[in-house]
Amino acid sequence: MINLELPEKLTQTQKMAQQLASGVFRPIARKYDAIEHCDTPEELKPVAQMMAAMPRGEGKSGGNKDGAIDAIKNGSNMMGIMGVEAMCWGDVGLMLSIPGASGLGNAAIMAVGTPEQKEKYGKLYCAMAITEPGAGSDSAAVATTAVADGDEWVLNGEKIYCTAGQRCDAIVVWATLDKSLGKAAIKSFIVPRDNPGVQLVRVEDKMGLRVSDTAALAFNNCRIPRDHILGSAEVGDTEEARKKAFGGVMQTFDNTRPQVAAMALGVARAALEITREVFEKEGVEADFSKLPYNSTARELELYRLEADLEAARLMTLKAAWMADNGQPNSREASMCKAKAGRMGNDVTLKCVALCGELGYSERTLLEKLARDSKIIDIFEGTQQIQQLIVARHLLGLSSKELK
């Protein structure tokens, strides 16, 4: 059974992240939301140095039953949840902009990379390039090609909505070796950001997470060494081949989706705290000992939002706990991401409505939190994709049988 008591190590992580969020992120959140496109904020560089110096634990591997994800050790999934939730209480965009070995590409490298790849690229800032103009949540529809040419791979294609695509050191690019074979031929490749074949097409203007760069990239005869492929170059439709390629990298999301859920937890908690402060100034204080029929409509709405946040938090903790204990958690990872993503949107928008003019104006952070929350329900798999994954698990059907 999951133990709901946090050990001291995780409590300390939570406190440190909360101090970072309140002392560094909150004071500059509005500043960088207004600037939007800029280099890495100077305030984040000391944060990156501090995080790089933190020791990493040792222990059980998570998520992947065969132990391939050896970076997930000693409760680090749960530690990540605590840290991400607290930092996103301060600002999600700033948390995503911390340079260092915290990109989604890093998670893919640690999932299926060779020891040499982990050593060379594991500590760099690695983005992930999956989404294309014609392939969004359907990752199997990737059209970017990778063609073997002697001792090199040649990549051609276009990627969009690549988080940290401008500022990163390297990019993990999904490409197909043979479009006719579908997902069986999809591989991922490590591409240095300064490769002459990589072109920055544009940096997106966005509704939320404005300080976090979201780039469109083009790969034009981009040449990389043959050993820059992640996993096996074998192409086939056998279960073993899928594990070494598409399925292997997809396991990355079993560990990262709970962290995306934690982003929603942080944003929702921030919105509820600001709303309670506004209420208290008006003489309305939440009293959870009251029965529903003794509470006002405004109080009841606040209680409902608090309950929704707590439900999402427990689901997220369970998914992280399973990964840390070597239990397959694909279903739970999708469940918590779907629940938390929807909850974050609902809570922040309701808080804006409950606070009226104060919620809609820039006098509080509520309108910004509402803007930031929307993407959390979309990236790393939309709400609909998460529900589809959960349905497959519950019904015992494959992706071919339930589309």
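**View 1. The buried face of helix H14.** Gln 383, Gln 386, Ile 389 and Val 390 are the buried residues of H14 (buried, under 20% relative accessible area; exposed, over 50%; 1.4 Å probe, protein chains only). Down the helix axis they fall within an arc of 130 degrees, so they line one face of H14; the arc is taken over directions from the axis to the C-beta atoms. These buried residues pack against helix H9 (252-281) and helix H11 (330-354) (contact, heavy atoms within 4.5 Å). The model is predicted: local features need pLDDT of at least 70, side-chain atom pairs count only at pLDDT 80 or more, and totals for chains, interfaces and linings use all residues. Residues are numbered from 1 along each chain as its sequence is written, and side-chain values use heavy atoms, without hydrogens and water.

View 2. Exposed residues Gln 384 and Leu 395 lie on the face turned away from the buried side of H14. Gly 396 follows the helix and has a positive phi, near 70 degrees.

**View 3. The largest cavity.** The largest cavity holds about 50 Å³ of space. Helix H1 (8-35), helix H4 (92-96) and helix H13 (366-376) each give two or more residues to its lining. H1 supplies the largest share, three residues. Among the lining residues are Tyr 32, Asp 91, Arg 210 and Lys 368. A cavity is a set of points on a 1 Å grid over the protein atoms alone where a 1.4 Å probe fits but cannot get out; lining residues have an atom within 4 Å of a point.

Technical notes. Helix = DSSP H or I, 4+ residues; strand = E, 2+ residues; numbered from the N terminus. 1 Å grid on protein atoms, 1.4 Å probe; cavity = no way out; pocket = protein on both sides within 12 Å on 5 of 7 lines; lining within 4 Å. Points joined across faces, edges and corners; volume = space filled by probe spheres on them.
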